[in-house]
Amino acid sequence: MLTFIHGADFHLDSPFSGLDPQQAIQRRKEQRELLEKLVQVAQEKQVQFVLLSGDLLDGQTTYRETAMALAEELGKLTCPVFISPGNHDYYHRTSLYAGSFWPENVHIFRSSKIEQVALGAQNCVIYGRAFQAQQETQSPLQGFSVAQDGRMHIMALHAQVDGKGNYAPITREQIAESGLDYLALGHVHLYDGLQQEGKTHWAYAGCPEGRGFDETGEKGVLLVTLDEQDGCQVEQIPLAKRRYHVQTIDISHADDPAAAIWMALDGEPKQDIYRIYLTGTREGGLNLNHLHHELAPLVYSAVLYDQTKTEQMVWSRIEEDTLTGRFLRQMAILIQASPEDETLQQAVRFGLAALEHGEDVAP
Ligand SMILES: [Mn+2]
């Protein structure tokens, strides 16, 4: 049985442009803590090797010290580590991967051609290759297949499945024809489960730490086990210190909007990063600055968007000769008949939201 870690897309020293400058500096530091956690996990799980499928370094903005920190951490492992550089950290003469500080147990694939390293004790072969430019339009898997020789065949690769673009597009047919036992992919930042083409299992590890609101939810690396009998199993090991969340909170009629938001976040201090859309109907306007100030001690970072409506705004279109106008006139009659009925108020809000997102047509 083989056990190994598959990680990718660390993007060390990302700019984190969505955060304030102090927090961005802190986040870049925290990214380096990821490396310690990665090493810890590899040691705890007693893996036989680690595969890192590119974009470990963000590129132009990555400091030499950061690459050295990566090298130093990986050097603490007793098992081999294989790196297949991606489009952000592509290999070239003066790239950080060409530095002399990489420890002996770290094997960096430098050629754009697929190369292999046999691990005799594990009866397996590791394959990999490097991006050598920011863009590549050729499939690195074109015409590639392994010998079915009783050994396990595993590849670390930075590529885009089903892609037509500039990031080493590969097809599902090529994955199947490769005959690999496992294809450890990097490039897509979301782990979307274990997949299979032919006999070949494959997955994107996803990035271990979100960098923006397009990278929400749990993030980490994959712990992979390969076994002749039991096949392939993958477990996502969370590594992220902070997660990104996008949340919509209805604060209709909340006397204390900060408390309402707090309740919606389960009332516990959060180390995470939030984008919160405030919705619903309110009598008065919202003071976002004030609200932001009140929430500051409770969350690491929250950006608030006011999408609430005042009662007045809701009814402002009642005279219109449109579907919305007709809807509001009908609802006004119903509400007059039972003014205490909260569901009717809700129906007005939902109805309006639906109409305003769609096309309002004059009858
Ligand atoms: Mn990439």
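**Exercise 1. Which residue in β14 does Val224 stand opposite?**

Solution. The model is a predicted one. Begin with the strand pair: β13 covers residues 220-227 and is joined to β14 by eight bridges. The two strands run antiparallel. Within this pairing, Val224 stands opposite Val234 in β14.

**Exercise 2. Determine the strand order of the open sheet and identify its edge strands.**

Solution. Six strands make up the open sheet, and their order is β4-β3-β2-β1-β13-β14. The pairing is mixed. Strands of a sheet pair through backbone hydrogen bonds, in either a parallel or an antiparallel manner. The edge strands, each of which pairs on one side only, are β4 (106-108) and β14 (231-238). From one strand to the next, the twist averages 20 degrees.

**Exercise 3. Describe how helix α1 is placed on the sheet, and check its length.**

Solution. Step one concerns placement: α1 (residues 21-44) packs on the sheet and touches β1 (2-7), β2 (49-52), β13 and β14. The direction of α1 makes about 170 degrees with that of β1.

Step two concerns length. With 1.5 Å a residue, the 24 residues of α1 should span 34 Å. The end C-alpha atoms of α1 are 35 Å apart, which agrees with that expectation.

Step three concerns burial. The buried residues of α1 are Arg27, Gln31, Leu34, Leu35, Leu38 and Ala42. An α-helix has 3.6 residues a turn, so residues three or four places apart point the same way. The buried residues of α1 pack against β1, β2, β13 and also α2 (64-75). Just after α1, Gln46 adopts a positive phi of about 50 degrees.

**Exercise 4. Decide whether Phe49 is buried or exposed, and list its contacts.**

Solution. Phe49 lies in strand β2. Around Phe49 there are 24 other C-beta atoms within 10 Å. The cut-off for a buried residue is 20 or more, so Phe49 is buried. With neighbours within four places in sequence left aside, Phe49 is in contact with Phe4, Cys79, Pro80, Val81, Phe82, Leu119 and Ile126.

**Exercise 5. Classify the crossing of helices α4 and α5.**

Solution. The axes of α4 (residues 257-264) and α5 (residues 288-295) come within 10 Å and cross at roughly 50 degrees. That angle makes α4 oblique to α5. The crossing is right-handed. Pro257, Ala258 and Ile261 of α4 make the contact with Leu291, Glu294 and Leu295 of α5.

Notes:
Residues are numbered from 1 along each chain as its sequence is written. This is a predicted model: local features need pLDDT of at least 70, side-chain atom pairs count only at pLDDT 80 or more; totals for chains, interfaces and linings use all residues. Two strands pair if DSSP finds at least two bridges between them. Helices (H or I, at least four residues) and strands (E, at least two) are DSSP runs, numbered from the N terminus. Axes are lines fitted to C-alpha atoms, for helices over the stretch in contact, and angles run from 0 to 180 degrees between N-to-C directions. Two residues are in contact if their C-beta atoms, placed from the backbone, lie within 7 Å. The expected span of a helix is 1.5 Å times one less than its number of residues. A residue is buried if 20 or more other C-beta atoms lie within 10 Å of its own, exposed if 12 or fewer, and partly exposed in between; C-beta atoms are placed from the backbone. Angles under 35 degrees count as roughly parallel, over 145 as roughly antiparallel, 65 to 115 as roughly perpendicular and the rest as oblique. A crossing is left-handed if the near helix is turned anticlockwise from the far one by less than a right angle, and right-handed if clockwise.
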